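Visitor: I would like to learn how to read this structure feature by feature. Could you walk me through it, starting with the surface?

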Amino acid sequence: MKILKLSLTASALALFAGQAAADCGTVRMAEPGWTDLALTTGIASVVLEGLGYQAESDVLGIPVIYESMVNNDLDVFLGFWDPAMETYYAKYREVGSVETVHQNLTGAKFTFAVPKYVYDAGVTDFSDLAAHADKFDHKMYGIEPGSNEVMLDIVGKNAFGLGDWKVVESSEQGMLAQLARFEKSKDWIVFLGWAPHPMNTRFDMEYLSGGDDFYGPDFGGATVHTQVRKGYLEECPNVGKLLTQMTFDIPMESEGMGYILEDGDDAEDAATKLLKAHPDYLATWLEGVTTQDGNDGLAAVRAHLGL
């Protein structure tokens, strides 16, 4: 009986180990439909696939992403914009259910913006908007539902006298298409702007000051961080090592986002094109990282990319 118990215990441990390995073999990610995060998630997917992992990615609202990590339905989120997304993340930080493990981008920003002709007409600060409400048709333009909570908070609190304004939610592409139409006719629009993004070179635009209490100082100056569900780095240390070494920069992301927005590439095609053009990033990201079966990670990813 003792031998049987030991045998069953050993079998159970082996089964558990096998399940754990299988769980690490699939890396489950999500992004909220923003082009910058589609790109970085695409980059992670291409690299992980080169290492022999299966990468999955869904487009979900930010609150759903966090709840999915808490419920063990997602592993990784590459897009925590700090401080702009603090309102989403605060409760998960307090209980430790979602972990921030790496700062993957510096120099980002995220706040209200207007075309330069509107800025030159005197709208340079959040406090200038209400005086020109009619010219803006009492509307501010956001992106996907679930990504405009700060805008909605401003309206809900009647901050800057904007309590009777409407937040127009559509999508990143929809907002930019609306901006292009308004710019062509020189109509007035206030919208959610951010960097990195090709919008900063495609449009003649300016960021508004005065939104520090909502988006943070320096025009919503932000750092972007990689987050994981609690305990993921300990469960999957090889993937974890990659995630804590994968750092992007503004020029790189803006270039890759252009492939998506202007060339029509999907995220993984844009990521592949970007990595082929800038393979030097791989050496830093993959230092000490192996393939899923323990071989040289850098060599495998380079081969996967045809380098």
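Guide: Gladly! Keep in mind that this is a predicted model. The protein exposes about 13,500 Å², and carbon and sulfur atoms supply 52% of that area. Its C-alpha atoms fill a box of roughly 85 × 45 × 25 Å along the principal axes.

Visitor: What share of the 307 residues is buried?

Guide: Buried residues make up 48% of the protein. As for the fold, the secondary structure comes to 16 helices and 9 strands. Taking contacts between residues at least 6 apart in sequence, 77% join residues at least 24 apart.

Visitor: Let's turn to disulfides. How many does the protein have, by the rule used here?

Guide: The general idea is that a disulfide is a covalent bond between the sulfur atoms of two cysteines. Here the count comes to 1 disulfide. This bond joins Cys 24 to Cys 236, with an S to S distance of 2.0 Å. Cys 24 belongs to helix H1 (residues 2-25), while Cys 236 is in the loop between helix H11 (232-235) and helix H12 (237-243), so the pair links distant parts of the chain, 212 residues apart.

Visitor: Which handedness does the disulfide of Cys 24 and Cys 236 have, and why?

Guide: The torsion about the S-S bond is about -85°, so the disulfide is left-handed. Both Cys 24 and Cys 236 are buried.

Visitor: Next, aromatic rings. How should I read a pair?

Guide: A pair of aromatic rings is described by two things, the distance of the centres and the angle of the planes. In this protein the count comes to 20 aromatic pairs. Take Trp 34 and Trp 81: their centres are 6.5 Å apart with 75° between the planes, making the pair edge-to-face. Trp 34 lies in the loop between strand S1 (26-31) and helix H2 (35-50), and Trp 81 in strand S3 (residues 76-82), so this pair ties together parts that are 47 residues apart in sequence.

Visitor: Are Trp 34 and Trp 81 buried or exposed?

Guide: Both Trp 34 and Trp 81 are buried. Another pair to look at is Phe 80 with Tyr 89, which is tilted: 4.9 Å centre to centre and 55° between the planes. Phe 80 and Tyr 89 are both buried too.

Visitor: Which residues do ring pairs link into a cluster?

Guide: Ring pairs connect Trp 34, Trp 81, Phe 110, Phe 112, Phe 126, Phe 160, Trp 194, Phe 214 and Tyr 215 into a cluster. Elsewhere a ring meets a charge: the charged end of Lys 273 sits over the ring of Tyr 259, 4.7 Å from its centre.

Visitor: How do I read the faces of a helix?

Guide: An α-helix has 3.6 residues a turn, so residues three or four places apart point the same way.

Visitor: One last stop: where is Ser 97 found?

Guide: Ser 97 is in the loop between helix H4 (86-95) and S4. With a relative accessible area of 16%, Ser 97 is buried. Leaving aside neighbours within four places in sequence, Ser 97 is in contact with Val 70, Tyr 92, Arg 229 and Lys 230.

How values were computed. Residues numbered from 1 in each chain as written. Predicted model: local features only at pLDDT ≥ 70, side-chain atom pairs only at ≥ 80, totals over all residues. Heavy atoms only, no water. Phe/Tyr/Trp six-rings, centres within 6.5 Å; stacked < 30°, edge-to-face > 60°. Helix = DSSP H or I, 4+ residues; strand = E, 2+ residues; numbered from the N terminus. Buried < 20%, exposed > 50% of the residue type's maximum accessible area, 1.4 Å probe, protein only. Lys NZ or Arg CZ within 6 Å of the ring centre and 35° of its normal. Contact = heavy atoms within 4.5 Å. Areas by Shrake-Rupley, 256 points an atom, 1.4 Å probe, with all protein chains shown as cover. Disulfide = S-S within 2.5 Å.
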